[in-house]
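Colleague: Could you walk me through reading the interior of a model? I would like the general idea and then the case at hand.

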Amino acid sequence: MRYGFVIDHTCCIGCHACSVACKEENQVPLGVYRTWVKYIERGTFPNTRRYFSVLRCNHCDNAPCVTICPTVALFRRSDGIVDFDGTRCIGCKSCMQACPYDALYIDPATQTAAKCHYCAHRVEVGLEPACVIVCPVQAIVAGDLDDPASRIARLVATEQVQVRKPEQGTRPKVFYLGADAAALTPQALERGESYLFAQTGTDRGAPKPAPPDTSTLKDLQTLARTVYDVDHVERPWGWKVATYLWTKAVAAGALLLPALGVAAGWSEGGLLAGVVAPFLALVFLALTTGLLIFDLKRPDRFHFILLKPNWQSWLVWGAWILIAFGAVTGLWLVGGLAVHARLLRVLAWPAILLAVAAAGYSAFLFGQAEGRDFWQSPLLLWHLLVGAVLAGAASLILAGLALGSGAAVIGLLKKVLAAALAAEALVLFAELFGSHPNQDVARAADLLTRGGLSGPFCGGVVLAGIGLPMLLLLGGTPSLVVASLLALAGHWLYELLWVRAGQSIPLS
């Protein structure tokens, strides 16, 4: 059994009855939607035409929101309905990033995620979803796709239906009959600052979105524009998530470099490598944990990640990696305070492996955020690892200069920082100027290099965060301090803009 929907746009009149019925049946608060109607128009006056599209959760057979949810708050039932348990949700918003269809939202009353659940409480007693029974033209067909005798199965088998974003591989179960292709393709739509009756809900601080790529869509969808839509959260993850990537890079890098030195036999510990480095790592690890917890909509439930885990989610694996990294860092600090060189040698390789894991696991987490194509880069792991080396070297240089460490140690850290800056420039260039797998990735990259985020990116990241520090590394101690501070600031800005650009491409 696999429940699904067919939306028949050959008869849909865009009346919003389905949206109203859904709100009333499920007590959906004002300002958020489980099902909604979008209007688009194509053509040039007087030869224009309006099309409607009814959008909602697609109850995917391969639902990425289920995979990424760290607490099994989202789950796929045996009847194919992707359901939700609000009592387990921690409000991490990762499901909103994983869904390519913009179907999830944060309920302002409960501060947990929510979405269409196929009116499961009605289906279980033999009733149809509320949107189906209220539609005045019977444009919404619900039923079992695996039952060849059902109306929905016959429609899917005999009519030319389409689904949204089939290239995502989610196997959606909402099929559209007679829908205009542009209505289902947000990349093809021009989005202005006003609708039929109101201004758009676009964040006024957001960068101006890139125009649709008419060079590839001109035959089918040129001049398509959205004229009515509901408000959507533009960027579920903000500065806290970007800063978490930065603090985690400092924590991982601050221990990784001394551990590499001990493993290679270059160091026996000492004050900088044995005490200050693990202390820095623990401080920034605590900041990382705090940012992760306080970015949750339900921070009171943060422990659910450990007590009610979904082992498919990299949020869960990341939490345990950070715990293990913190334990080894604490032992390293004990060994450094006790001047126990043998303990540090024993801990060196576990410290290296856990530091790499702590820095790099976010690549797999962002990879599970399948709704954001820009974050699916195969270079993301290198982006994070290079960032950890850069942040670790810069922070240890500042600490070493404050402690009066020897010229040999500072000189080695200078070389590491220079190499990390060069590697970051190379990864950055490859990520943004290399070939892109699809239009969404290209538009997000253009936003950084030529669009609304290009000013802070080119000036703050490329020039002030990479170019200027590399030049300053050629100078004396004052220049070295400034170079380290600029490198740290530039890397933080890079993470902030990178997170923001990935969320600037509309999903619906």
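Colleague: Which residues touch the most other members in the largest nonpolar core?

Modeller: A nonpolar core is a set of buried Ala, Val, Leu, Ile, Met, Phe, Trp, Tyr and Cys residues joined through side-chain atoms within 4.5 Å; buried means under 20% relative accessible area with a 1.4 Å probe, protein chains only. Here the largest core has 94 residues, and Phe325, Trp332, Phe374 and Leu417 touch the most other members. Helix 8 (residues 239–263) gives the largest share of this core, 15 residues. A separate, second core of 26 residues includes Phe5, Trp36, Ala139 and Ala142.

Modeller: A word on the source: this is a predicted model, where local features need pLDDT of at least 70, side-chain atom pairs count only at pLDDT 80 or more, and totals for chains, interfaces and linings use all residues. Residues are numbered from 1 along each chain as its sequence is written, and side-chain values use heavy atoms, leaving out hydrogens and water.

Colleague: What does Phe374 touch beyond residues up to four places away in sequence?

Modeller: Contact means heavy atoms within 4.5 Å. Among the residues that Phe374 touches are Leu432, Val441, Leu448 and Trp498.

Colleague: How much of the protein counts as buried?

Modeller: Of its 508 residues, 55% do.

Colleague: What share of the contacts with a separation of 6 or more comes from residues 24 or more positions apart?

Modeller: In this protein, such pairs account for 73%.

Colleague: What does the C-alpha trace span along its principal axes?

Modeller: About 80 × 50 × 35 Å.

Notes
Buried means under 20% relative accessible area, exposed over 50%, partly exposed in between (1.4 Å probe, protein chains only). Helices (H or I, at least four residues) and strands (E, at least two) are DSSP runs, numbered from the N terminus.
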